[in-house]
Amino acid sequence: MNTSTPESDSQPEIPINRWPLVFAVFAGMGLVFYLLQPILLPFVLGALIGYLGDPLVDRVEERGGSRTFGVVLVFLFFTAVSLLAMFFAVPVLLQQLDGLVGRIPLVYGWLRDVAVPWLQSRTLVTGASLPQIDWSAELLENWQSLGKVTASTVSSITGSGLGLLLGLANIALVPVVAFYLMRDWDDIAARILRLMPKAWQAGTLQMASEADEVVGAFLRGQFIVMCALGALYSAGLWVVGLQLALLLGFIAGLASIVPYLGFIVGITASLAAAWLQFHEPLPLVYVALVFGVGQLIESMLLTPVLVGNRIGLHPVVVIFALMAGGQLAGFVGVVVALPVAAVIKVFVSHALVHYRSSKIYVGGDHESPGEDV
């Protein structure tokens with residue numbers, strides 16, 4: 001006899017016999033994404049901006065403002081930040097990047113004339129030496145190759161009116177998609193939830209909330225941590241007097257998407273740049289102090305406050321997700337790699353709970369309560 005009640009029909013978790021259908025739906029979505037990847041960039045960027053701005057719009061709405069007014073305020077903020085970066089940070093970064101390219105012959109000469117002989121005098125390796133390279137010709141050839149590629153790309157875009165029109169349309173689509181998604185984000189999410197079978201809605205809402213917490217920690221919290229560390233490292237290296245301060249700080253902040261990778265990459269590159277610039281040990285101590293203070297601020301303040309323990313993704317998983325996304329779908333794949341990995345992590349956690357409470361795992365005819373992953 002069936003003794004189920006209306007309350008028991010709505011379970012907090014999706015029943016395990018429905019998981020194959022869930023996986024089939026996600027596999028189909030992944031296939032469609034892969035096939036449509038060439039046209040998805042403006043939509044992915046627009047969705048990313050919409051997701052980042054949705055909490056800010058919600059706060060404006062909670063304080064009595066209309067949602068459209070909140071979207072306009074967020075757009076003005078994002079536009080102001082983008083313009084400041086474009087007119088101030090980007091030219092300095094390009095100038096320092098050009099300076100870094102010009103230092104390549106000096107770095108190579110130091111390796112050939114100082115580092116390699118020093119290692120040979122203290123090891124059993126002898127007779128090995130770096131070859132002589134005409135860096136003027138090499139750099140000229142590479143810059144010419146880069147110029148040819150750039151000219152070919154520009155020519156392919158502007159060679160036909162249709163190509164130019166499509167390129168401009170893709171750029172223009174990003175703010176349009178972001179505006180509408182930011183304005184209707186909550187409504188779209190509610191409509192998608194209502195499309196689910198009623199027995200699925202409670203479990204879907206729970207998993208969507210967990211996925212949003214994990215994805216939000218990465219896309220909002222970790223992004224702010226990266227920007228803060230990049231600014232902190234750049235300012236500290238500038239005080240030390242390092243000529244490539246902004247570029248090295250930017251690289252260290254960008255690499256901080258993987259825990260401790262930004263510190264390792266940043267301090268290694270900065271110590272090398274400081275030695276090549278000053279040839280004195282004291283600036284190396286200052287550089288180490290900058291990154292030590294930055295690491296303390298990240299560990300004790302930035303990460304606990306902005307990210308906390310909500311990410312739940314191992315650093316190796318982060319690296320693999322970024323590389324796999326780039327391999328499968330290029331830049332679009334890199335953009336969506338971490339959100340997809342976070343969502344998969346939530347679904348796998350729930351699947352493991354069901355598995356550990358099943359007869360397959362427990363054995364026998366009884367079931368045990370699900371365990372936390």
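**Close-up views of an all-helix predicted model**

**Figure 1. His-279 sits in the loop between α10 (261-278) and α11 (281-307).** Helices (H or I, at least four residues) and strands (E, at least two) are DSSP runs, numbered from the N terminus. The model is predicted, so local features need pLDDT of at least 70 and side-chain atom pairs count only at pLDDT 80 or more, while totals for chains, interfaces and linings use all residues. Residues are numbered from 1 along each chain as its sequence is written, and side-chain values use heavy atoms, with hydrogens and water left out. The phi of His-279 is positive, near 55 degrees, in a residue other than glycine. Most residues other than glycine have a negative phi. His-279 counts as partly exposed, at 47% relative accessibility (buried is under 20% relative accessible area, exposed over 50%, partly exposed in between; 1.4 Å probe, protein chains only).

**Figure 2. Helix α3 (residues 41-62) crosses helix α8 (residues 198-240) at roughly 100 degrees.** The two axes come within 11 Å; axes are lines fitted to C-alpha atoms, for helices over the stretch in contact, and angles run from 0 to 180 degrees between N-to-C directions. α3 and α8 are therefore roughly perpendicular to each other (65 to 115 degrees). From α3, Leu-48, Tyr-51, Leu-52 and Pro-55 meet Asp-212, Val-215, Gly-216, Leu-219 and Arg-220 of α8, where contact means heavy atoms within 4.5 Å. By class, the residues of this contact are six nonpolar, one polar and two charged. Ala, Val, Leu, Ile, Met, Phe, Trp, Tyr, Cys and Pro count as nonpolar, Asp, Glu, Lys and Arg as charged, and the others, Gly among them, as polar.

**Figure 3. Phe-77 and Phe-78 form a tilted aromatic pair.** A search of the whole structure finds six aromatic pairs; rings of Phe, Tyr and Trp (its six-membered ring) pair if their centres lie within 6.5 Å, and planes under 30 degrees apart count as stacked, over 60 as edge-to-face and the rest as tilted. In the pair of Phe-77 and Phe-78, the centres are 5.9 Å apart and the planes make 50 degrees. Phe-77 is partly exposed, with a relative accessible area of 49%, and Phe-78 is partly exposed at 24%.

**Figure 4. Ring pairs join Phe-75, Phe-179 and Tyr-180 into a cluster.** Of its 373 residues, 27% count as buried.

How values were computed. Parallel < 35°, antiparallel > 145°, perpendicular 65-115°, else oblique.
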